[in-house]
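Here is a short briefing on one protein chain.

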Amino acid sequence: WPQTLLFLTGGQRIKTRKRNIAAPLDPSSFSDAIVQIYLDNAGDLELVAKSIESSDLNFSRYGDTFFEVVFIGVRTQPGTIKPEEEGERHPYSLIDCAAQREAILPYVLFIQKTLRRRPFLIKSLENVMRKFLQSLEFFEENERQKLAIFTALAFSQKLSGLPPETVFQPLLKDNLVAKGIVLSFITEFFKEYLKENSLDDLIALLKKGKMEDNLLEFFPSGKRTSEALSEHFTKEGLTSLVEYNSKKMFEVKLKEIKSTLTTMINEEAEISEVTEVVKQQVKDAKFPDIEVVRMLWDVLMEAVQWSGKNQQQNSNSALRQVNAWAGLMNAFCTSGKLELELIYKVQTQCYEDAKLMKLFPEIIRSLYDQDVLAEDTILLWFRKGSNQKGRQSFVKALEPFVKWLEEAEEEE
């Protein structure tokens, strides 16, 4: 009869499509099929991957179920992380392994391999991770630790485009944060991630997840202070993160003070009023005195109305600003050390800004006349100043003034 069939089809051989009538058509059966693959291969992830690759299972339809079986060994009940009551479970899941990098990395690589074959599954991975992270309180502490290590390794291995916001944003549920569960999770995550990656890598990751400025959001509301953050992460050995946060907080507060000061200068407020406001903000921010002096000079110079081409006009504007606000500088240059820091600041700016290059001696003279800089400080800089930026040319430019100071001293 094959000849008859060929005759009836015009001599063409019809290729019949193979159909796997055993392919499960519901999530429970799909879950059982994946569990069986794990059981048949005794949890060997290489063999499991091969069996999955050669299977006819409908991953596009049951991707979420697949990752649930990978993570906890069984499909969960809809809307929960409770195992399905009737489904089979395998004992080779992520939360069954040891809470160590060596035990968890193979799962990351297994998922990586699966996603390369079936890139459409990344959305299912996101869904399942989001669900688990929002439900952290229902996991045991050591299970949360495993999830944290897995998440850190997933980013270390650049797991097929997993977006950081998928991980960080679900963590910010108020009840999870309030119980300290999130802080515990994120601390474990940071520790694991920084074993193989730099702090810059971590900051870039936090930035993508829109969290680089919001580390305190991981802390319960009663502990959202820089002191609590420093104490916690220092105790956990994450001093680089403490230093980063301190620098970040410093920059934020510096920006706030600069903004206030700029507004008051532009509005030509009374020096006494500006001084009081700055002193209060500096006290609240716990700013080092040296940083205050640097910041004051920066803001004063930024507020000058510079001319594009007229050098004489620029000189006049800069000196006018120095004279107008000398009282403010004087209120904060309260020691020889701070006065010397101001000279270094002026020196650096004159060296780096062409329009101020020739103005150095005039600025120093003006600050001396206004009692901001003492004679001893100027002579100390002239003889032993350690800042080398343009030092030789500035020393030469200041020679006539220093000579005048020395002669006046001799006459006295």
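A salt bridge here is a side-chain nitrogen of Lys or Arg within 4 Å of a carboxyl oxygen of Asp or Glu. By this rule the count comes to 20 salt bridges. This is a predicted model, in which local features need pLDDT of at least 70 and side-chain atom pairs count only at pLDDT 80 or more, while totals for chains, interfaces and linings use all residues. Residues are numbered from 1 along each chain as its sequence is written, and side-chain values use heavy atoms, leaving out hydrogens and water.

**Two packed helices**

- Helices are DSSP runs (H or I, at least four residues), numbered from the N terminus.
- Helix α7 covers residues 141–156 and helix α10 covers residues 181–193.
- They pack at an angle of about 40°, with their axes 8 Å apart.
- Axes are lines fitted to C-alpha atoms over the stretch in contact, and angles run from 0 to 180 degrees between N-to-C directions.
- That angle makes α7 oblique to α10. Oblique is what remains after roughly parallel (under 35 degrees), roughly antiparallel (over 145) and roughly perpendicular (65 to 115).
- Contact means heavy atoms within 4.5 Å. On the α7 side the contact residues include Leu 147, Ile 149 and Phe 155, and on the α10 side they include Ile 181, Phe 185 and Tyr 193.
- The residues of this contact divide into 10 nonpolar, three polar and three charged. Ala, Val, Leu, Ile, Met, Phe, Trp, Tyr, Cys and Pro count as nonpolar, Asp, Glu, Lys and Arg as charged, and the others, Gly among them, as polar.

- Lys 179 pairs with Glu 137, the closest N and O atoms being 2.6 Å apart.
- Lys 179 lies in the loop between α9 and α10, Glu 137 in the loop between α6 and α7, and they are 42 residues apart.
- Lys 179 is exposed, at 52% relative accessibility; Glu 137 is partly exposed, at 23%. Buried means under 20% relative accessible area, exposed over 50%, and partly exposed in between (1.4 Å probe, protein chains only).
- Arg 294 pairs with Glu 341, with the closest N and O atoms 2.9 Å apart.
- This pair links helix α15 to helix α18, across 47 residues.
- Arg 294 is partly exposed at 28%, whereas Glu 341 is buried at 14%.

**Another pair and a network**

- Lys 355 forms a salt bridge with Asp 353, the closest N and O atoms being 3.2 Å apart.
- Asp 353 is buried, with a relative accessible area of 18%.
- Salt bridges that share partners join Arg 101, Glu 192, Lys 195 and Glu 196 into one network.
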